[in-house]
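Here is a short report on one protein model. Keep the sequence and the 3D view open while reading.

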Amino acid sequence: MMIRRIAFALTALTAVALTGCAAPCDQYCDTSADYIEYCLENGTQGPWTTAAASGGFEVWGTSSRDEYADACKDDMKNQLSAHDADTLTGACTDDANQFTEWVERGTCIDLP
């Protein structure tokens with residue numbers, strides 16, 4: 001009986017940890033999709049005009065902003081289960097903040 005309780009506690013702890021880690025990377029996916037969408041419409045630098053002329057989100061293997069965000073979330077979910085979740089979560093948070101700042105400034109820097 002004790003083994004079942006420990007197994008249940010570990011399963012619950014893992015589920016809570018993965019759920020907590022998913023939110024920043026989901027936010028990253030939505031923010032990067034917004035950044036790409038903004039820059040495809042407003043970017044004047046070479047890489048952005050080339051991406052816009054090459055089919056927009058098709059450059060990232062998708063056909064729309066929502067499809068890109070969904071594919072990104074699936075990819076992040078797989079990475080979170082396979083790698084150090086704390087490191088990836090930190091990177092997601094940092095990059096999401098950077099994309100938000102660039103859009104707020106009306107600046108299109110790098111293609112993600």
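## Confidence

This is a predicted model. The mean pLDDT of the protein is 82. Of the residues, 80% score at least 70.

Helix α2, residues 46-53, has the highest mean pLDDT, at 95. Helix α1, residues 2-42, has the lowest, at 66. Over residues 1-21 the pLDDT is below 50. Leaving aside near neighbours in sequence, that stretch has four contacts in the model. Where pLDDT is low, the predicted coordinates should not be read in detail.

## Disulfide pattern

How many disulfides does the structure hold? There are three. Count the bonded cysteines along the chain, and the pairing reads 1-5, 2-4, 3-6.

The three bonds are C25 with C92, C29 with C72, and C39 with C108. Each is taken in turn below.

## C25 and C92

The sulfur atoms of C25 and C92 are 2.2 Å apart. The torsion about their S-S bond is about 95 degrees, so this disulfide is right-handed. C25 sits in helix α1 and C92 in helix α4 (residues 85-105), so the bond ties together parts 67 residues apart in sequence. Both C25 and C92 are buried.

## C29 and C72

In the C29 and C72 disulfide, the sulfur atoms are 2.1 Å apart. Here the S-S torsion is about -70 degrees, so the bond is left-handed. C29 belongs to helix α1 and C72 to helix α3, so the pair ties together parts 43 residues apart in sequence.

Are these two cysteines buried or exposed? The cut-off for buried is under 20% relative accessible area. C29 has a relative accessible area of 0%, so C29 is buried. C72 has 10%, so C72 is buried.

## C39 and C108

C39 and C108 have their sulfur atoms 2.2 Å apart. The link is left-handed, with -100 degrees about the S-S bond. C39 lies in helix α1 and C108 in the segment after α4, so the pair ties together parts 69 residues apart in sequence. C39 and C108 are both buried.

## Helix α4

Start with the length of α4. The helix has 21 residues, and at 1.5 Å a residue it should span 30 Å. The expected span is 1.5 Å times one less than the number of residues. The end C-alpha atoms of α4 are 30 Å apart, which agrees.

Now look at its sides. The buried residues in α4 are A85, L88, T89, C92, A96, F99 and W102. Why do they line one face of the helix? Viewed down the axis of α4, they fall within an arc of 155 degrees, so they line one face. C92 is among these buried residues and bonds to C25. The face turned away from the buried side carries D86, T87, D94, E104 and R105, which are exposed. Just after α4, G106 takes a positive phi of about 70 degrees.

## Aromatic rings

The model has eight aromatic pairs. F57 and W60 make a tilted one, at 6.2 Å centre to centre with 55 degrees between the planes. F57 and W60 are both buried.

F99 and W102 form an edge-to-face pair. Their ring centres are 5.8 Å apart, with 65 degrees between the planes. F99 and W102 are three residues apart in helix α4, so about one helical turn separates them. Both are buried.

Which residues do the ring pairs link into a cluster? They are Y28, Y35, W48, F57, W60, Y68, F99 and W102.

## A loop glycine

G61 lies in the loop between α2 and α3 (65-82). Is G61 buried or exposed? The cut-off for exposed is over 50% relative accessible area. G61 has 61% relative accessibility, so G61 counts as exposed. The C-alpha atoms of G61 and A71 are 9.3 Å apart. Along the chain, G61 and A71 are 10 residues apart.

Technical notes
Residues are numbered from 1 along each chain as its sequence is written. This is a predicted model: local features need pLDDT of at least 70, side-chain atom pairs count only at pLDDT 80 or more; totals for chains, interfaces and linings use all residues. Side-chain values use heavy atoms; hydrogens and water are left out. pLDDT is the predictor's confidence in each residue, from 0 to 100. Helices (H or I, at least four residues) and strands (E, at least two) are DSSP runs, numbered from the N terminus. Contact means heavy atoms within 4.5 Å. Buried means under 20% relative accessible area, exposed over 50%, partly exposed in between (1.4 Å probe, protein chains only). A disulfide is a pair of cysteine sulfur atoms within 2.5 Å. The arc is that of the directions from the helix axis to the C-beta atoms. Rings of Phe, Tyr and Trp (its six-membered ring) pair if their centres lie within 6.5 Å; planes under 30 degrees apart count as stacked, over 60 as edge-to-face and the rest as tilted.
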